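Have the 3D view ready as you read.

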Amino acid sequence: MQSKVYFSRQVTPEQVLELYRLAGKQLSGKIAIKVHSGETGNQNFLHPEFWKPVVDAVGGTVVECNTAYEGTRDTTEKHLKTLEEHGWNRNFAVDLLDAEGPDLELSIPKGKRIQVNYVGKNLANYDSLLVLSHFKGHPMGGYGGALKQLSIGIASSYGKANIHGAGNLEEIWTADQDSFLESMADAASSVVDYFHGEIVYINVMKNMSVDCDCCAVAEDPCMADIGILASLDPVAIDQACIDLVYAATEDPGQGHLLERIESRNGIHTIEAAAELGIGSREYERIEI
């Protein structure tokens, strides 16, 4: 059965909230809202003000995790300072999930590359999850969307290294590319299983650079804004975004973004996640 993906070409904070409501799931209990806090110096990440209508309406807690590379978010002290400087604390309740150890270990019995995902232990305090993703390119993954937010995004600093190395920390930056992408799919599946489907996904195709929001020095956006998508299926929403990039044949920056995605075999994360059964690449796009 095809998954439903709601799509609007209007890119505004208010439309994010509208798309969340159209997705059709009322998140309940204590809600974690995963965002990207933005590396210091990055000019493309989506700021707290953009997400404020949906976060306020849902009433959840903004969550993040430390990084596995040097920067302004690789330690709890530095990340908390960055969250403050970027305005997250001024607008929302914020929880750095892996501020203190030990990590929460999520089993992945059917994992292709990794059998355990290490996430911030505070994830155990939440009943449901709203995944707010800025869709764009990525230096290693090819693209970043819902599946990356579920995997690298929610993994602890140690967990991120484990994913990048496909289970071998000594190969954090040198692991076989497809093994890394499959590890991301494995990790994403563990979070989907943990919340038993109590997750809503929103992807925003705005400020689309070939680089991630984790880059302190990032290229400026190369494509025009495309829109906002919402779904209950992380595979379908990422596939829909990829398809929209391919459809934007008149955009002069399309080739640059596609080169980044294709050269890293980014679609393989979607393929692997579909094979794990956490979503479908077949979808119905409902434009509003």
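In which hand does H8 pass H9 at their crossing? H8 passes H9 in a left-handed crossing. Keep in mind that this is a predicted model.

Helix H8 covers residues 234-247 and has helix H10, residues 267-275, as one packing partner; helix H9, residues 254-263, packs against H8 too. Here are the two pairs side by side:

| Helix pair | Angle | Axis distance |
|---|---|---|
| H8 and H9 | about 140 degrees | 9 Å |
| H8 and H10 | about 150 degrees | 10 Å |

With that angle, H8 is oblique to H9. On the H8 side, Ile-242, Val-245, Tyr-246 and Ala-247 do the touching, and they meet Gln-254, Leu-257, Leu-258, Ile-261 and Glu-262 of H9. Sorted by class, that contact has 7 nonpolar, 1 polar and 1 charged residues.

Now for the other pair. Angles over 145 degrees count as roughly antiparallel, and H8 and H10 are therefore roughly antiparallel to each other. Their crossing is left-handed. H8 brings Val-235, Asp-238, Gln-239 and Ile-242 to this contact, while H10 brings Ile-267, Ile-270, Ala-273 and Ala-274. The classes here come to 6 nonpolar, 1 polar and 1 charged residues.

Over to the strands. E2 (residues 31-34) runs parallel to its partner E3, and the two pair over 3 bridges. Ile-33, for instance, has Val-62 in E3 as its bridge partner. Side chains in a regular strand alternate between the two sheet faces. In E3 (residues 61-64), both faces are covered: Thr-61 and Val-63 are buried on one side, and Val-62 and Glu-64 are buried on the other.

Technical notes
Residues are numbered from 1 along each chain as its sequence is written. This is a predicted model: local features need pLDDT of at least 70, side-chain atom pairs count only at pLDDT 80 or more; totals for chains, interfaces and linings use all residues. Side-chain values use heavy atoms; hydrogens and water are left out. Axes are lines fitted to C-alpha atoms, for helices over the stretch in contact, and angles run from 0 to 180 degrees between N-to-C directions. Helices (H or I, at least four residues) and strands (E, at least two) are DSSP runs, numbered from the N terminus. Angles under 35 degrees count as roughly parallel, over 145 as roughly antiparallel, 65 to 115 as roughly perpendicular and the rest as oblique. A crossing is left-handed if the near helix is turned anticlockwise from the far one by less than a right angle, and right-handed if clockwise. Contact means heavy atoms within 4.5 Å. Ala, Val, Leu, Ile, Met, Phe, Trp, Tyr, Cys and Pro count as nonpolar, Asp, Glu, Lys and Arg as charged, and the others, Gly among them, as polar. Buried means under 20% relative accessible area, exposed over 50%, partly exposed in between (1.4 Å probe, protein chains only). Two strands pair if DSSP finds at least two bridges between them.
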